[in-house]
Amino acid sequence: MKRFHKGILQTAIAALSITALSGLTLSAHAQQQKIKIGFMLPYTGTFASLGNAIENGFRLYVSEQGGKLNGREVEYVKVDDESDPSKATDNVNKLIKRDNVDVLVGSVHSGVAMAMAKVAKDTGTLLIVPNAGADAVTGPMCAPNIFRSSFSNWQPGYAMGEVVAKKGHKKVVTITWKYAAGDESVRGFKEGLEKSGGTVVKELSLPFPGVEFQSLLTEIAAAKPDAVYTFFAGGGAVKFVKDYAAAGLKKTIPLYGAGFLTDGTLEAQGADAADLLTTLHYADSLGTPRDNAFRLAYAKTYKLQPDVYAVQGYDAAQMLGIGSNAVKGDLSKRAELIAAIEKAKIDSPRGPFTLSKSHNPIQDIYLRQVSGKENKLVGIASKALADPSRGCRM
Ligand code: PHB
């Protein structure tokens, strides 16, 4: 009997120490393993500079933490998604299955982001969207493992609708690319405008990423609206602003836009962008200590001025950092990681923001005006604006 007890005791002690030891080895092992980030971004095409700015911003935050997030070194894998939704599912599957990434970061284009969100939801991979505003991502497609560090297409559009109505413009023509981002930006604008007494009299569009604006500009001239609202970004935004001025419209019909129209584009747009009013969750002259420090570090590192895309990339890394710290680098502790990001106040260069239930930033939307090479702050168009997140059940 005694011997039997002793035997059990010894076995139990041995088992306990093996468990403890293997526990130790596991966490040490987990600490040594790198966190693998999969950037799925456009590195070619009309949004190429946007993809680069996002990556720069992300890397800047990580390098400020010594290249590590909670003790784990960060490793990057990149895919050029070409802003092509038809290639998006294959591209995201490569990052998950071939490269075994821990976290997906992407993308810029709403159609690509929706394909990413579908795969992320199906596979449970953590996804942080550092730009694409597709309303669906934090609407019907929302999921616990999907976060956005940027905006919903509805947000800047809605804020500008209110601004344009307050300026007394009654009849407005809209012009954009025919895809989710353009459609949703115009829908948000229309909602803001029409609730405040204005009307959208004509909705013009062309396929993404087309830049043959001429016949549409002729239609605008003929319609003689009080104002024009537009969503274009990247290379397309540069060409649109130049063509609008060249057609003589800038002098006769005021042009308003979601802020992407003039963000990261002013160098190329030159005088044709002068004085344009846009709405966005960032401006070049916020003047806060947080933003000043970010802008200085970004300019030093990349010899470039940051833009909204750089901020969104930086904040995507901050969000991952917050989650990673909460689980001491063990990203498999998913529920804790998610809860930490959900309740965080993110100390963004744009100003601090929190996330809505659907994981989209609740943020101030600024009214900005182009002055020289900057989108100067005019004021807050919409304070702490939350996306309505229609269709999100979480
Ligand atoms: C989008 O497709 O959602 C999109 C693309 C570029 C922007 C903003 C939104 O600058």
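In which helix is the place of Gln 318, and what is Gln 318 in contact with, leaving aside its neighbours within four places in sequence?

Guide: The model is predicted, so local features need pLDDT of at least 70 and side-chain atom pairs count only at pLDDT 80 or more, while totals for chains, interfaces and linings use all residues. Residues are numbered from 1 along each chain as its sequence is written, and side-chain values use heavy atoms, with hydrogens and water left out.

Gln 318 is placed in helix α11; helices are DSSP runs of H or I with at least four residues, strands are runs of E with at least two, and both are numbered from the N terminus. With a relative accessibility of 7%, Gln 318 counts as buried (under 20% relative accessible area, where exposed is over 50% and partly exposed lies in between, for a 1.4 Å probe and protein chains only). Its side chain reaches the backbone oxygen of Asp 347 at 3.1 Å. Leaving aside neighbours within four places in sequence, Gln 318 is in contact (heavy atoms within 4.5 Å) with Tyr 61, Arg 290, Ile 346, Asp 347, Ser 348 and Pro 349.

Between the two domains, 15 residues of domain 1 are in contact with 18 residues of domain 2. The rule finds 5 residue pairs in polar contact across this interface, both residues at pLDDT 80 or more; a polar contact is a pair of N or O atoms within 3.5 Å, where within protein one must be able to donate a hydrogen and the other to accept it, and residues adjacent in sequence count only if both atoms are side-chain atoms. Helix α11 (308–326) and helix α4 (110–123) each supply at least two residues of the side of domain 1 that touches domain 2.

A further buried residue is Asn 145, which has a relative accessible area of 7% and lies in the loop between β5 (126–129) and β6 (146–148). The side chain of Asn 145 reaches the backbone oxygen of Ala 120 at 3.0 Å. Not counting residues up to four places away in sequence, the residues that Asn 145 touches include Lys 121, Leu 127, Arg 334 and Ile 338.
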